Amino acid sequence: MNGMTAVINNELVYVNDAMFTSLKTQKRSYKTRICTDFNFLEPVTERAYNNYIYLIKEKSVANCECSMAEGAKKLRKLILKGEIDDGRIIDVAVTVDGAWQKRYGHNSMNGMVFIISVDTGYVLDYIAKTKFCHVCKSNSNASDEWKKEHEKVCCINHVGSSGKMEVEGSTEMFLRSIEKHNLRYTTYVGDGDSSAFATVQKAVYEKYGNQYSIEKEDCIGHIQKRMGTALRNYKSNARGAKLSDGKGVGGQGRLTDAVVDRIQTYYGYAIRNNKGDINKISDAIWAIFHHIILGPPSETLEDQHFFV
């Protein structure tokens, strides 16, 4: 019975897909008649659909701005520690991160950049970047006059490589931090991309001079991830090669994916658990090596407890 039910369900799904796929190419009057026959709601017009989309966007943006303003107020209250908020400019630490519509952002048409408070985790600002406009595509043969008029409302706000979306978005948000929240983002916690920080730092200096200086700190999570990436790249590049003991890099008892994951995790622990003490961080990282990588044949891992 279950097998028969599955077959029927699959056939119904196929019929539904085929029917609605064919409806896409039909005129509105035909779609309306079909929907009436099946007791469906009348299909929405393209203009009405677009109006709803714009309305949803308008309300979503307004709600988002309200939420970010509230997050900034809570951050100011946290930093002032009970003092009266007299509207002074406050220096805060933020993390900067970007995301793209596609998994690999270098060829994505759309991207977003976020500014997040290190102290509260609240999103303080965001910006969406796009290199594509549906209206422009639909009117590619339009007159120059139409194109000039459309530029005023065109959604394209980025020209160039998709990888630069994070750089440009970060710069714009840092430059409006005072006007938006009366905050100075003086600590930039990034993903290790020094070019993005350098661009932001230069733009801020050009606008505010020495009144607004920024320091860069790297996100431990990204540093930890880079360790794992480096080990996986090493393993991949050394595939087929033999080490001094005649064995390869990978395989049982060697640098397997599980071992790489362990090293990456312990690397993050070593940094987080010893923040502020470079010597302890160094010892903890070397301890990972001695706990996982076996030395001379006469030694065991237990003999390699050099850091106590």
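What percentage of the 308 residues of the chain count as buried? The share is 28%, where buried means under 20% relative accessible area, exposed over 50% and partly exposed in between, with a 1.4 Å probe and protein chains only.

This is a predicted model, in which local features need pLDDT of at least 70 and side-chain atom pairs count only at pLDDT 80 or more, while totals for chains, interfaces and linings use all residues. Residues are numbered from 1 along each chain as its sequence is written, and side-chain values use heavy atoms, without hydrogens and water.

**View 1. Tyr52 lies in helix α3, which covers residues 46-80.** Helices (H or I, at least four residues) and strands (E, at least two) are DSSP runs numbered from the N terminus; the chain has 11 helices and 5 strands. Tyr52 is exposed, because its relative accessible area is 53%.

View 2. A disulfide is a covalent bond between the sulfur atoms of two cysteines; here, a disulfide is a pair of cysteine sulfur atoms within 2.5 Å. Cys133 is buried, with a relative accessible area of 6%.

**View 3. Cys155 is in no disulfide.** Its nearest cysteine sulfur belongs to Cys133 and is 3.9 Å away. Cys155 is partly exposed, because its relative accessible area is 41%.
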